[in-house]
Amino acid sequence: MTIPTADQTRPRPAADAASPPRMAKINGTIFAAAVAVLVAQLANALPGALNGTFQQYFGTVGSQLTWITAGFMIPVVVFELTFGMLGDRFGHRRLTIIGSVVLAFGSLVCALAPSVQMMWVGSAINGLGAGAMYPASLALVAAVTVTPQQRARAIAAWAGCLSAGGIVAPLLGGGFAQSGAWQWSYGVVVVLGLVVVATCLVFSTESTSQSGRRMDLWGQITFALGLILVLFGLVQGPETGWSAPSVVASLVLGFLLLAAFIVIETRVQHPLLQLSLFRNPNYSITSIIAVVGMFAFLGICFSFSMWLGPVQHQNPINIGLLFLLLQGPAFVLIPVISWLMTRVADRWVLTGGLSLMALGGLLGATTLDAADHSMGQFLLPALLTGLGFAFTLSPMTALAINTVPRELAGMASATTNLLRDLGFALGPVLVGAVALSGAARQLGADLAASTLPTAQLGAAQGIFEAGGPFALNSIPAEAPGGAAAELALESLGSGFSQAFLVCAVAAAASALLVLIGLRTSRPAGPSTPA
């Protein structure tokens with residue numbers, strides 16, 4: 001890891017293990033940041049645990065399920081850079097507290113939602129709150145830690161708690177869904193959001209930057225509109241057709257606005273995104289794998305949740321148990337990862353993690369059978385994916401933060417979170433597009449060649465045209481069109497197998513990029529206790 005330059009924003013006393021007040025502030029701030037990111041990720045991961053429940057409860061069709069997850073991630077990605085600037089100017093602890101209040105309100109909206117459209121609204125409000133909490137909590141960790149060793153341990157704890165939120169969410173959501181009260185899972189998030197407020201007020205110290213950053217209004221507008229239009233086109237493409245005027249217009253205009261954003265960032269005095277950060281080769285490579293590698297991970301997670309939920313209609317608690325393997329290693333292995341990050345070059349840790357993730361996705365693509373409801377077939381792909389994520393997230397985050405001067409820590413943490421969360425946002429969007437497009441093509445061809453009775457075939461085609469493969473897959477066998485449900489199940493299995501394969505290729509490409517391109521830095525070596 002590269003040792004950051006001295007802080008040019010304000011004097012920082014050297015870390016002193018013999019100074020209890022100083023260490024109390026450090027440890028209290030790290031604790032508050034870890035709790036904040038755990039709760040933010042809990043709200044993020046709940047929809048994935050409840051996809052099957054949402055489909056049955058709200059009677060969703062087409063891309064409506066995808067929009068619940070995308071509704072959360074879009075505001076996270078769109079406003080994360082602005083939140084980084086606001087944290088630098090007004091305080092990262094203050095921003096974490098405000099984000100927690102917004103998250104609690106959004107979760108309340110979700111808990112009371114009478115329709116899927118109101119779930120979109122609640123998820124978007126949740127995403128707005130979490131979008132403030134992610135970069136602000138990481139910036140608190142970066143600001144309060146002094147040495148690379150200390151920062152590596154703190155970031156490993158922060159990243160582990162990020163994963164812990166992903167562990168708790170499926171168990172919480174699945175437990176309440178099994179008892180017929182999924183809304184209470186969001187009620188728990190309301191309470192925990194207020195707990196974060198109290199934790200930050202009691203334990204955390206404030207941090208700001210005196211860099212004089214100001215609002216980049218036109219950069220924010222072009223970035224927000226461009227990204228929203230691109231994601232809209234990607235979500236709606238499989239449903240309305242990739243050649244539909246609304247989809248084509250959204251994609252073209254979205255990419256033009258994102259290009260305009262890059263031009264603006266090169267010309268304004270206080271850019272939303274400091275493009276000079278990417279002159280550092282290690283930071284640039286880390287940024288690429290933050291997007292592509294995290295797309296692969298969340299795409300695999302989303303595929304698992306859809307496979308067990310709307311495809312196979314399994315007990316929601318099974319999704320929670322599977323997510324113990326997907327998210328648990330990053331939390332359980334915090335001491336191991338912290339040790340590796342100070343003794344083994346980042347290049348090798350990241351290459352190994354991304355390779356494991358690629359292998360998990362490949363097994364998902366080649367070994368899972370939609371007609372097989374046994375949980376055993378999911379264990380090895382999920383475990384390999386979870387181990388890969390564990391050995392990717394913390395080193396990737398620490399490398400990004402440690403390669404920039406401390407006065408840019410706020411922007412770097414916001415940018416790193418943005419890129420990671422952009423990968424997370426693209427996961428469900430692109431995976432949903434790949435899976436649903438493939439499933440629709442296969443199901444359409446199978447129905448056209450089917451020898452089902454005319455009445456059953458006509459009903460099945462009507463259901464398929466109105467609601468897509470998921471709608472037909474949910475029809476009882478004795479209902480009109482129900483005889484074709486098996487064809488829908490097979491097509492969905494094939495579609496999500498293709499999605500697993502795309503994620504595996506993305507993870508493998510990221511591993512190759514790290515192996516070839518990342519400049520190896522000498523490990524920092526053992527450190528004294530903090």
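This report describes aromatic pairs, charges over rings and helix packing in a predicted model.

## Aromatic pairs

A pair of aromatic rings is described by the distance of the centres and the angle of the planes. A search of the whole structure finds 16 aromatic pairs. One of them joins F54 and F58, whose ring centres are 5.9 Å apart and whose planes make an angle of 40 degrees, a tilted arrangement. Both residues belong to helix 1 (residues 20-58), where they are 4 residues apart, about one turn of the helix. F54 and F58 are both buried.

W307 and F500 form another tilted pair, with 6.2 Å from centre to centre and 50 degrees between the planes. W307 lies in helix 9 (residues 281-311) and F500 in helix 16 (residues 485-517), so this pair ties together parts that are 193 residues apart in sequence. W307 has a relative accessible area of 0% and is therefore buried. F500 is also at 0% relative accessibility, so F500 counts as buried.

## An aromatic cluster

F54 and F58 also belong to one aromatic cluster, together with Y57, W182 and Y186.

## Charges over rings

R347 has its charged end over the ring of W348, 4.8 Å from the centre of that ring. R420 lies over the face of Y134, and here the distance to the ring centre is 5.2 Å.

## Helix 3 and helix 6

Helix 3 (residues 92-111) packs with helix 6 (residues 183-203) at an angle of about 165 degrees, and their axes are 8 Å apart. Angles over 145 degrees count as roughly antiparallel, so helix 3 and helix 6 are roughly antiparallel to each other. The crossing of helix 3 with helix 6 is left-handed.

## Helix 12 and helix 16

Helix 12 (residues 346-367) and helix 16 also pack at an angle of about 165 degrees, with 7 Å between their axes. Helix 12 and helix 16 are therefore roughly antiparallel. Helix 12 passes helix 16 in a left-handed crossing.

Among the residues of helix 12 that meet helix 16 are R347 and W348, the two residues of the charge-over-ring arrangement described above. In helix 16, the residues that meet helix 12 include F500, which also pairs with W307. Other residues of helix 16 in this contact include S497, L501 and A504.

Note on methods:
Residues are numbered from 1 along each chain as its sequence is written. This is a predicted model: local features need pLDDT of at least 70, side-chain atom pairs count only at pLDDT 80 or more; totals for chains, interfaces and linings use all residues. Side-chain values use heavy atoms; hydrogens and water are left out. Rings of Phe, Tyr and Trp (its six-membered ring) pair if their centres lie within 6.5 Å; planes under 30 degrees apart count as stacked, over 60 as edge-to-face and the rest as tilted. Helices (H or I, at least four residues) and strands (E, at least two) are DSSP runs, numbered from the N terminus. Buried means under 20% relative accessible area, exposed over 50%, partly exposed in between (1.4 Å probe, protein chains only). A charge sits over a ring if NZ of Lys or CZ of Arg is within 6 Å of the ring centre and within 35 degrees of the ring normal. Axes are lines fitted to C-alpha atoms, for helices over the stretch in contact, and angles run from 0 to 180 degrees between N-to-C directions. Angles under 35 degrees count as roughly parallel, over 145 as roughly antiparallel, 65 to 115 as roughly perpendicular and the rest as oblique. A crossing is left-handed if the near helix is turned anticlockwise from the far one by less than a right angle, and right-handed if clockwise. Contact means heavy atoms within 4.5 Å.
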